[in-house]
Amino acid sequence: MASVLVVEDDQFVRSALIRHLTDASHTVRSVGTALEALREVAHFRFDVVILDLGLPDLDGSEALKMLRGITDVPVIVATARDDEAEVVRLLNAGADDYLTKPFSVEHLSARMAAVLRRVRTGPAEAAPSPVIRVGGLTVDPLRRQAELDGVRLDLTRREFDLLAFLAGRPGVVVPRKELLAEVWQQSYGDDQTIDVHLSWLRRKLGETAARPRYLHTLRGVGVKLEPPVEQGPGRGAGFTGAEPPR
């Protein structure tokens, strides 16, 4: 099964998580501080990290940023903070998923399974694909690199997976459910996760939802990536049906 690092300072919660994960045949290590977590990921290989935000030595969101600086291990954030702005901030900072406390062991198991399916069978593990070119955009799935007009893009793992999936289907409107299933390896979820990653991709591609070049969103339908169209006099960027900026 999976190798899991539990980062939780509440001894009662930590013990319960360890017991549940061990019963599910996972290998578990646990720590109670952010600094201990950083040491663990520097010395051991994990399949997933469950990160509590209320740590005694460092705010969990800062710990998340530091983790992202040294590893690409999937991170599921466990937090009592359920406001939308906080969730968006966590996803932007590199979280792969999040759980709002209190949560059931069944919910945790489902989220872990979805994250592990994506890592083990997602685009990163697919057979080598040829380099994809869409307009000035170049995507190399094998090397996991992308360039725009010859300039390399600094993308997170999830951003690259989303870009590569859409670029491999230029001009095709991909439903959000398909994106969740193929990129996130989830059969269910909300649009917020997709919107956050689309927003960051647009920023790195030098565009916005109001003035799209490559990424176009059709409200209630899906998302497509296509080469930018030269705008003539009097023509606005985008097309009928595009969503307003988020």
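**Leu108**

I started with Leu108, which sits in helix 5 (residues 105-121). Helices here are DSSP runs of H or I with at least four residues, strands are runs of E with at least two, and both are numbered from the N terminus. Before going on, I noted that this is a predicted model, where local features need pLDDT of at least 70, side-chain atom pairs count only at pLDDT 80 or more, and totals for chains, interfaces and linings use all residues. Residues are numbered from 1 along each chain as its sequence is written, and side-chain values use heavy atoms, with hydrogens and water left out.

Is Leu108 buried or exposed? Leu108 is buried, at a relative accessible area of 0%. The cut-offs: buried is under 20% relative accessible area, exposed is over 50%, and partly exposed is in between, with a 1.4 Å probe and protein chains only. I then looked up what Leu108 touches, leaving aside neighbours within four places in sequence: Leu17, His20, Ile50, Leu99 and Phe103. Contact means heavy atoms within 4.5 Å. I also checked Ala78, which is 30 residues from Leu108 in sequence and 9.5 Å from Leu108 in space, C-alpha to C-alpha.

**Whole protein**

Next I stepped back. I found eight helices and eleven strands in the protein. Of its 246 residues, 46% count as buried. For contacts with a separation of 6 or more, 56% come from residues 24 or more positions apart.

Glu8 is in the loop between strand 1 (3-7) and helix 1 (11-23). I noted that Glu8 is buried, with a relative accessible area of 3%. Which side chain does the side chain of Glu8 make a polar contact with? It is the side chain of Lys101, at 3.1 Å. A polar contact is a pair of N or O atoms within 3.5 Å; within protein, one must be able to donate a hydrogen and the other to accept it, and residues adjacent in sequence count only if both atoms are side-chain atoms. Leaving aside neighbours within four places in sequence, Glu8 is in contact with Val13, Arg14, Val31, Gly32, Asp52 and Lys101.

Lys101 came up again when I went through the peptide bonds: the one from Lys101 to Pro102 is cis, with omega near -5°. Pro102 is in the loop between strand 5 (97-100) and helix 5.

**Two positive phi values**

Most residues other than glycine have a negative phi, and most peptide bonds are trans. I wrote down Arg144, a residue other than glycine with a positive phi near 55°. Arg144 is in the loop between strand 7 (137-140) and strand 8 (145-148), and is partly exposed at 28% relative accessible area. Asp149 also went on my list, with a positive phi near 55°. Its place is the loop between strand 8 and strand 9 (151-152), and Asp149 is exposed, at 55%.

**Helix pairs**

I looked at helix 2 (residues 34-43) with helix 3 (residues 60-70): they pack at about 15°, axes 10 Å apart. Axes are lines fitted to C-alpha atoms, for helices over the stretch in contact, and angles run from 0 to 180 degrees between N-to-C directions. Helix 2 and helix 3 are therefore roughly parallel. Angles under 35 degrees count as roughly parallel, over 145 as roughly antiparallel, 65 to 115 as roughly perpendicular and the rest as oblique. Ala34, Ala37, Leu38 and Val41 of helix 2 meet Ala63, Met66, Leu67 and Ile70 of helix 3. By class I got eight nonpolar, no polar and no charged residues. Nonpolar covers Ala, Val, Leu, Ile, Met, Phe, Trp, Tyr, Cys and Pro; charged covers Asp, Glu, Lys and Arg; the others, Gly among them, are polar.

The axes of helix 3 and helix 4 (residues 84-93) come within 9 Å and cross at roughly 20°, which makes these two roughly parallel. Ser61, Leu64, Lys65 and Arg68 of helix 3 touch Arg89, Leu90 and Ala93 of helix 4. That contact divides into three nonpolar, one polar and three charged residues.

Last, I checked helix 6 (residues 157-167) and helix 8 (residues 191-204), whose axes come within 10 Å and cross at roughly 80°. That makes helix 6 roughly perpendicular to helix 8.
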